[in-house]
Structure formats: C-alpha cells, structure tokens
Amino acid sequence: MRKLGHLIGTAVLAAASHGALASDGADFGRLARGAGEPQVPGLRMVYLSPLGDPAAAPWKHIILHQTEGPAGSARGMANAQARHPAKRGATLWVETDGTVYWATPETAVTLHGDGANRNDNKYIDNSKTYRQVTRANSIGVEFVGNFPDVRRPPTEEQFAAMLVLVRFLQERYGIPPDRVYAHNWIDYKDHRYCEGCSLAERARAQGYRPGLAEPKTASGVAGRGIAAGQ
Ligand SMILES: [Zn+2]
C-alpha cells in the first residue's frame with residue numbers, strides 16, 4: 001500500500017507540475033495577445049498608445065536599434081514619436097533603467113531602417129533580409145543612452161528588459177527567434193560600432209518560440225500559447 005500511495009503521489013505531483021507549466025504558457029500567451037495595457041511580469045511598460053488586435057498589425061520581424069540620445073531621453077523621444085508616428089524612430093523606446101515606452105499605435109509604421117540595404121552576408125545570411133526586412137513589416141525598438149559618440153553599450157537593465165520584451169513581441173505577433181535582428185545586420189550602419197548587435201545576439205540566444213509559428217491564420221488564435229513555456 002505504501003508503494004501504491006507513493007506512486008499515486010508521484011502521479012499527482014507530475015500532473016500538477018505539468019498543469020502549472022501549461023497554464024503558465026497559456027497565461028503568457030493570453031497576456032501577450034491582450035488589448036489595452038498588458039503588464040508583463042518583470043517588465044515596466046508605459047503605454048502612450050494602448051494596444052488593440054495583434055492580428056491587425058503587420059509585424060513579421062523585430063529590429064533592435066541603439067540611439068545616441070542620453071540617459072533620460074527615452075520618454076521624450078517616445079512622446080515625440082507618439083505625436084508624429086511616421087517620423088524617424090521606432091514603436092518602442094527603452095530607457096537606461098529598463099523602462100519601456102510603447103509610443104505609437106501598433107498598426108502605425110514608423111520611419112526606421114533603411115530599406116534593408118545590406119547584402120554582404122557579414123553577420124547573417126542577407127539573402128533572406130535584403131530589401132525584405134523593412135519598416136513596413138518590422139517592429140522597431142530603440143535603446144537610448146549610447147552617448148556620447150556611441151561609446152556606451154546597453155545597460156544591464158536594458159538587456160534584462162529586452163529579453164522579456166522580445167519574448168512578449170514574439171508571442172504577440174508570432175515571430176520566431178531567427179526573425180529578431182540588430183539594425184546593423186540588415187542595413188549598412190554607423191561604422192563606429194555594431195548597432196543593436198549585442199542586444200540581438202542575446203535575444204536570439206534565449207531561443208524563445210511563440211505558441212504559434214505562423215500568426216494570423218484563418219482559424220484565429222486557436223492553439224497559440226500551448227508551447228510557450230520558455
Ligand atoms: Zn537603427
């Protein structure tokens with residue numbers, strides 16, 4: 001009897017932990033695809049523009065940028081972007097303390113990237129990006145604080161926020177890890193440093209796969225989030 005009790009106990013424990021994992025993934029999936037101002041655990045998100053239906057957004061890629069704005073400039077840059085969504089800049093701005101500002105409606109195309117003009121395969125296979133990974137289909141994230149003269153790497157707080165934010169964006173729009181890029185990988189950029197490279201390397205290394213590999217299928221969101229454990 002003792003053995004049977006042990007077996008039952010083990011089975012109950014296994015079922016409980018499996019259930020917990022599945023529900024964590026499903027909860028994150030639901031959270032990541034929600035409307036309004038979803039708050040992700042481990043991330044401080046300030047919405048200047050609330051979210052709507054992720055299926056209405058055109059994003060198939062994520063491009064990580066760095067900008068020379070000094071520490072403390074993210075909110076101001078995000079406010080300017082919110083007033084004029086089509087100006088040069090990105091949808092999201094990340095302060096040096098890790099605070100994320102969602103500046104523009106998620107359906108608004110901002111002016112970032114340079115048409116995916118890089119084609120030398122120096123960092124990645126550009127046959128899959130050349131003239132293809134553009135502002136029209138890529139959501140941009142700007143990390144401020146590379147000031148002055150692009151000498152400062154992102155802060156540890158920015159790296160930590162980026163890892164959570166990228167998982168959120170991947171899950172929201174169904175973007176696999178190999179569609180997360182440094183700006184410098186898809187455009188010829190500033191020769192003084194590799195813009196976005198340390199960020200994108202870490203983003204890809206976490207290997208996060210959204211619950212649904214291909215977003216916006218005719219059957220809607222069924223099945224999304226199930227495999228979203230890591
Ligand atoms: Zn850039």
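**Figure 1. Right-handed crossing of helices α3 and α5.** In this predicted model, α3 and α5 cross with right-handed geometry. Helix α3 spans residues 156–173 and helix α5 spans residues 197–205. Two packed helices are described by the angle between their axes and the distance between the axes. Here the angle is about 50° and the axes are 10 Å apart.

**Figure 2. Residues at the contact of α3 with α5.** From α3, the residues shown are F159, M162, L163 and V166. They meet L199, R202 and A203 of α5. By class, this contact comprises six nonpolar residues, one charged residue and no polar residues. Arg counts as charged, and R202 belongs to the α5 side of the contact.

**Figure 3. The buried side of helix α2.** Helix α2 is formed by residues 74–83, and A74, A78 and Q81 within this helix are buried. These residues cover an arc of only 60° around the axis, which puts them on the same side of α2.

Figure 4. V46 is found in β1, the strand of residues 45–47. Its C-beta atom has 15 others within 10 Å, and V46 is partly exposed. A residue is buried only if 20 or more other C-beta atoms lie within 10 Å of its own, and exposed if 12 or fewer do; the count of 15 for V46 therefore falls in between. Leaving aside residues up to four places away in sequence, V46 touches T99, V100 and Y101. V46 and Y101 are 55 residues apart in sequence, yet their C-alpha atoms are 4.8 Å apart in space. The view may be set beside a figure for the whole protein: among contacts between residues at least 6 apart in sequence, 70% join residues at least 24 apart.

Figure 5. Most residues other than glycine have a negative phi, and most peptide bonds are trans. The bond that joins F147 and P148 is cis, with omega about -10°. P148 lies in the loop between β5 (138–143) and α3. D149 has its place in the loop between β5 and α3 as well. The phi of D149 is near 55°, a positive value in a residue other than glycine. With 9 other C-beta atoms within 10 Å, D149 is exposed.

**Figure 6. N121 in the loop between β4 and β5.** N121 is placed in the loop between β4 and β5. Its phi is near 55°, which is positive although the residue is not glycine. N121 has 11 C-beta neighbours inside 10 Å and counts as exposed.

**Figure 7. Overview for locating the close-up views.** The protein has five helices and six strands. From the N terminus on, its elements run α-β-β-α-β-β-β-α-β-α-α. Of the 230 residues of the protein, 37% count as buried, including A74, A78 and Q81 in α2.

How values were computed:
Residues numbered from 1 in each chain as written. Predicted model: local features only at pLDDT ≥ 70, side-chain atom pairs only at ≥ 80, totals over all residues. Helix = DSSP H or I, 4+ residues; strand = E, 2+ residues; numbered from the N terminus. Arc of directions from axis to C-beta. Contact = placed C-beta atoms within 7 Å. Axes fitted to C-alpha atoms, helices over the stretch in contact; angles between N-to-C directions. Left-handed = near helix turned anticlockwise from the far one by under 90°.
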